[in-house]
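This briefing covers aromatic pairs, charges over rings and nonpolar cores. Please look through the sequence and the model first.

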Amino acid sequence: MSKTSVKKNAFLNMLKSVMALLFPLITFPYASRILLPEGIGRVNFANNIVSYFTMLAGLGIGTYAAREAARRRDKKEELSQFTKEIFLINLLSTVISYLLFLVCFFFIPKLSTYRPLLLVSSMSVIFSFLNIGWLYAAEEDFEYPTIRSIVFQILSLFILFFFVKTPKDCIQYISMGVFASVGADICNFIYSNKYISWHQKCQLNLKQHLKPIFVFFGMTLVVSLYTMLDTSMLGFLSNDTQVGFYTAATKLSRIVISVITSITGVLLPRFSYYAVTKQNDELWKLFNKSFKYSTYLSLPSIAGLCLLSRPLMLLLSGQAYLPAVFTMQVISPIILLISLSGLIGTQLFASIGKEKLTLLSVSIGAVVNFTLNSLLIPRYGANGAAIATVFAESSVTIFQMFCAKKYINIKEQFVSFLQSAGACIVMAVCVFVVYKIFKTTFIQTLISVITGCIVYAAVTLLLKNEIAIEIAKIFKTKFFYKRAGR
């Protein structure tokens, strides 16, 4: 296996996620003010319904394929055969998924008023079989996906600003997302010739992959029941406005989660390699360091979102979304919960062949989420969905941590957690003071964020937090090389 730098991959994946962060920070404030809560709710409800069929078309192939392709990456013929087998399975599942979509499209009365939006959004289902991003993950090639992602984000901006002008332009807005995803899938497929040969003749054996794929699909299915179910149930049990509030409230939390998980999201191939080659010490060290990174970045993010929820909501969405401020505060703990469960369930368990534990944990979460959503949404709307999500994610993370306890250095993690928590308290006091001094929303938010970052970094360095010291060394090295002209 090539010694591709995990730090370089993490940086590239984080850069991709940072761009994914900046992109909605540019697009959503504009779109939310044009389309208003009801329009945003309609778009997100339609996207949410289509996402179930995208999930079905994907069959949970991504994680399984990344793991297995990583084991074949040094043998091009085997990798080419494997890729063709997975591609054909994915093509078949896409056809079945879209047929089921058409059945729901014509026979579920609730969806009749969303048909134009659903048709446009469903293009992402049709082209999903071309998505072989898992091949680049297996090859630990994060440079191409990063560049490709940035290009399509820039192109999507033109669609947004040129075509979304009134509250009726929901189709144009939904087309922006479809263009980005479909374009990326097509590029993924074309560029795959770098790693495999599509023209190579070989005997295909699809059957061998079906059992593990369906295990991963089971995980994907139940995960979807508590990650996508909130919006679905809000749409059916409440209204488009509540969906719009929930979308605005969860937007920043999801963005922060994507940035944090991008750092650990490159680890599956490396974990798999260590597991196969029996390098258990290396796997253990890398996992625990990633665990510390997750808590180090998650805790101040939660504190910051809670303290600055009102100005952030005003900047991100506008005055019409102020009822969602409390929802944003309630749901903020999922930043830590999802960061840890993603590391344990998606990265660690999948790499060591214990994906059934992930399936069991997310099944528990799905049951908790569905039950609480059914009880709370009719009465509390978006706030009820937020409460249900936090409890569901808590049940998943606690169960996974219990199952992974032999891999977790409890003492080290507890010390690191306390250091971060203590720094968050100091940070919160400083941010609160700054928040009260400045009155202009933008200045208030900007100065508060800068102050919070500086204080948190300084306090964790004083407390000799391992992750803070490592990050400081990275910045110091980069600064030294820049000053030296190297």
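How many aromatic pairs does the count come to? The count is 14, where rings of Phe, Tyr and Trp (its six-membered ring) pair if their centres lie within 6.5 Å, and planes under 30 degrees apart are stacked, over 60 edge-to-face and the rest tilted.

The model is predicted: local features need pLDDT of at least 70 and side-chain atom pairs count only at pLDDT 80 or more, while totals for chains, interfaces and linings use all residues. Residues are numbered from 1 along each chain as its sequence is written, and side-chain values use heavy atoms, with hydrogens and water left out.

**Aromatic rings**
- Phe45 and Phe236 form an edge-to-face pair, because their ring centres are 5.5 Å apart and their planes are at 70°.
- Phe45 is buried, at 0% relative accessible area, whereas Phe236 is partly exposed at 42% (buried is under 20%, exposed over 50%, partly exposed in between, with a 1.4 Å probe and protein chains only).
- Phe53, Tyr98, Phe101, Phe105 and Phe106 are linked into a cluster by ring pairs.

**Charges over rings**
- The charged end of Arg42 sits over the Tyr114 ring, 4.6 Å from its centre (NZ of Lys or CZ of Arg within 6 Å of the ring centre and within 35 degrees of the ring normal).
- Lys110 has its charged end over the ring of Phe45, 5.9 Å from the centre.

**Nonpolar cores**
- The largest nonpolar core has 92 residues, of which Leu35, Leu118, Tyr173 and Phe287 touch the most other members (a core is a set of buried Ala, Val, Leu, Ile, Met, Phe, Trp, Tyr and Cys residues joined through side-chain atoms within 4.5 Å).
- A second, separate core of 26 residues includes Trp198 and Ile213.
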